[in-house]
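Have the sequence and the 3D view open as you read.

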Amino acid sequence: MFENFRKFETVFAGRPLVIETGKMAQLANGECLVRYGETTVHVAATAAPKPRDGVDFFPLSVDFEEKLYSVGKIPGSYTKREGRPTDKAILVCRMIDRPIRPLFPKDMRNDVSIVATVMSVDHDCSPEIAAMVGTSVALSISDIPWNGPISGVSVGRVNGEFVINPTQEQRKVSEMAVTVASTDKKIAMIEAGANEISDEDMLAGIMFGHEENQKIIEFIKGIRDEIGKAKFEYPSNEPDHDMFEAIKDFAIEDIKFALDTDDKLVRDERLKPVYEKVHEKFDELYPEQEAKIDECLYKTQKFVVRRWLLDEKKRVDGRGMDDIRPLAAEVDLLPRVHGSGMFTRGQTQVLTIATLGSIRDNQLFDGIDDEESKRYIHHYNFPSYSVGETKPSRGPGRREVGHGALAERALVPVIPSVEEFPYTIRLVSEVLSSNGSTSQGSICGSTLALMAAGVPIKAPVAGISCGLITEGDKWDTMVDIQGLEDFFGDMDFKVAGTHKGITAIQMDLKIDGLTPEIIKQAFEKTHKARIYILDEIMLKAIPEVRPELSEYAPKMLSTTVPVDKIREVIGTGGKVIQKITAECGVEINIDDDGSCFINGISLENCQRALDIINTIVNDPEPGTYYTGKVTRIMDFGAFVEIAPGKEGLVHVSRLDVKRTENVRDVVNEGDIVKVKVLEIDDKGRLNLSIRDAMIDLDGAVPENTISDAPRKSDRPRRDGGFKRDRRN
């Protein structure tokens, strides 16, 4: 039945890689089932037979579909089916899109769709890498024009050694997580997160992954050569050469004048009459080809910018190749928020706001990997007004998700652990103005907001981008690219890091790949720029992390409850923990491993709740201090509860530093008081003292000297009377 079925096998990073094709989805232009270990991903590539009308770009879509049956889960939604793609799925789509897009013909306008469906997951064998390899196979054997193949690997570093496609356990201890995609000659894509890795080590890891990719590329070439289809022909969308030359000659001087400014608004205003002038002259010469005329104007702008950069080392705003636009950093722009910071680079401006919450505020996941929640979250918003456009907001798109994830990844290595800082942290970056590198601006703004909020980050992080211009063997890089250089250049190489090293990388290319020399120079330029931004701009706005949290931030304390004591802290039906939370006005969360987090508006209330919990799990000892609640008043003293079920007597002689005749002159039921444990008798009863706590903790001076704690015989009888020692 499946006469076209073929199976190809190899070994990939020590695990079996099996490609099957010809059995499934036989109506697709190209398809394959990838089995990597026990991870199984099906990839289908399809193309429209005709170009899409009215588009001036190549319409490629990539979908990475996470099916929860792949990990034996039923979706938690009401409909019990998968919904919109998760943020992680969107990031994988972008990761696959970036290396394959430049390898399609630039003048093709036929829709191309890639659908990678995750059908089973072995957590030691990445479904993302399997999907990238499967995409390369499906396109290579299809009839869709494409100049592949590519391959992708994940590179980790464990105990100082690079590891290809690290296992689940290796990923937990790896110093870096770098995805490298390659063609048979160049590096096509880099996506990285790292724990302050040096430029030299990062480059070595990238090249290590690039070398491993060559083995899989040769494997895919073998499959293509054996069963690949001939590529179909398509109508070119390239403007007529004579049309382009005529329009370029007519408009080039006006375009040079229009582009030669550091102000995006001025540039746009100057270009409007140029477009009008060109259409007035050429619309009649080339009827019904207005879109092609606009394409010629775009190509003329691209020609001007690239010639300036390559031949004259001139940038549109007059900067040198290694110059950074004017910078500014501010903190505390917004009252009442927990922390805020704004970073401005030229006409790019990002305001980031930090919000602190309890551990219960962490983000929960219903996905195919082993990550169930996270306590550090970064969101990025890109409103239309930031680029001077008018359109309604429709929620975050793939670009916003990707930029937010990059900024989040850049700061993960410096975020304090939950033990050090028991808060959920959310950052929101609002892009106020955009003219290139807003993702890197959000990294800088996020660092400012965290420091202003008092989050004890391990080191400040800054981000900067590097561009590239190429022509044959001739190339050059420029630091801090603005929008026009991104549009007309060949690369947007984003690098974030601390003084010590790199924390994140994202590389977007419009060409087929980079050489090691280009990557090395990009690292050198971004490193120098990053240090300048940190030292001369950001740390001058806020030299160090604030020592205290905002008064509006919740106060948080943490402890560890022995597992066998958790039941006592919670109590039957939750009575004990409910009583503590109600009495102290706090929120308490206890995990199964005993991790206990207490949060509330008042630090004093949080401390009281913590003292109560510690009292429950640890028996009181003489000499220790507690905050308790007066529960009963007697003629001879007051009973104070220091924890549910743990109560002691404060004798009337120990109520105050001055002589007390009437107990109610000092305390009443419900009062909160500080007490010191004086002794625990042989029956486990507590003798407490307010007087001693006042002297020891508050430095109170007693009016006169009185005897020590009441004698054991000076105890109340069960009937409320007072029993005297017969020896007296």
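In which loop is the place of Ser437? Ser437 sits in the loop between β17 (424–433) and α9 (438–453); helices (H or I, at least four residues) and strands (E, at least two) are DSSP runs, numbered from the N terminus.

## Ground rules

This is a predicted model, where local features need pLDDT of at least 70, side-chain atom pairs count only at pLDDT 80 or more, and totals for chains, interfaces and linings use all residues. Residues are numbered from 1 along each chain as its sequence is written, and side-chain values use heavy atoms, with hydrogens and water left out.

Most residues other than glycine have a negative phi, and most peptide bonds are trans. Ser437 has a positive phi of about 60 degrees, although it is not a glycine. At 10% relative accessibility, Ser437 counts as buried (buried means under 20% relative accessible area, exposed over 50%, partly exposed in between, with a 1.4 Å probe and protein chains only).

Ala13 has a positive phi too, near 55 degrees. You'll find Ala13 in the loop between β1 (6–12) and β2 (15–21), and at 23% relative accessibility it counts as partly exposed. Then there's the cis peptide bond between Gly148 and Pro149, with omega about 10 degrees; Pro149 lies in the loop between α2 (127–141) and β7 (151–158).

## Helix α6

Now for α6, which covers residues 264–282. Its buried residues are Arg267, Leu271, Val274, Val278, His279 and Phe282. Viewed down the axis of α6, they fall within an arc of 130 degrees, so they line one face of the helix (the arc is that of the directions from the helix axis to the C-beta atoms). On the other side of α6, Leu265, Glu276 and Glu280 are exposed.

Conventions: Expected span 1.5 Å × (residues − 1).
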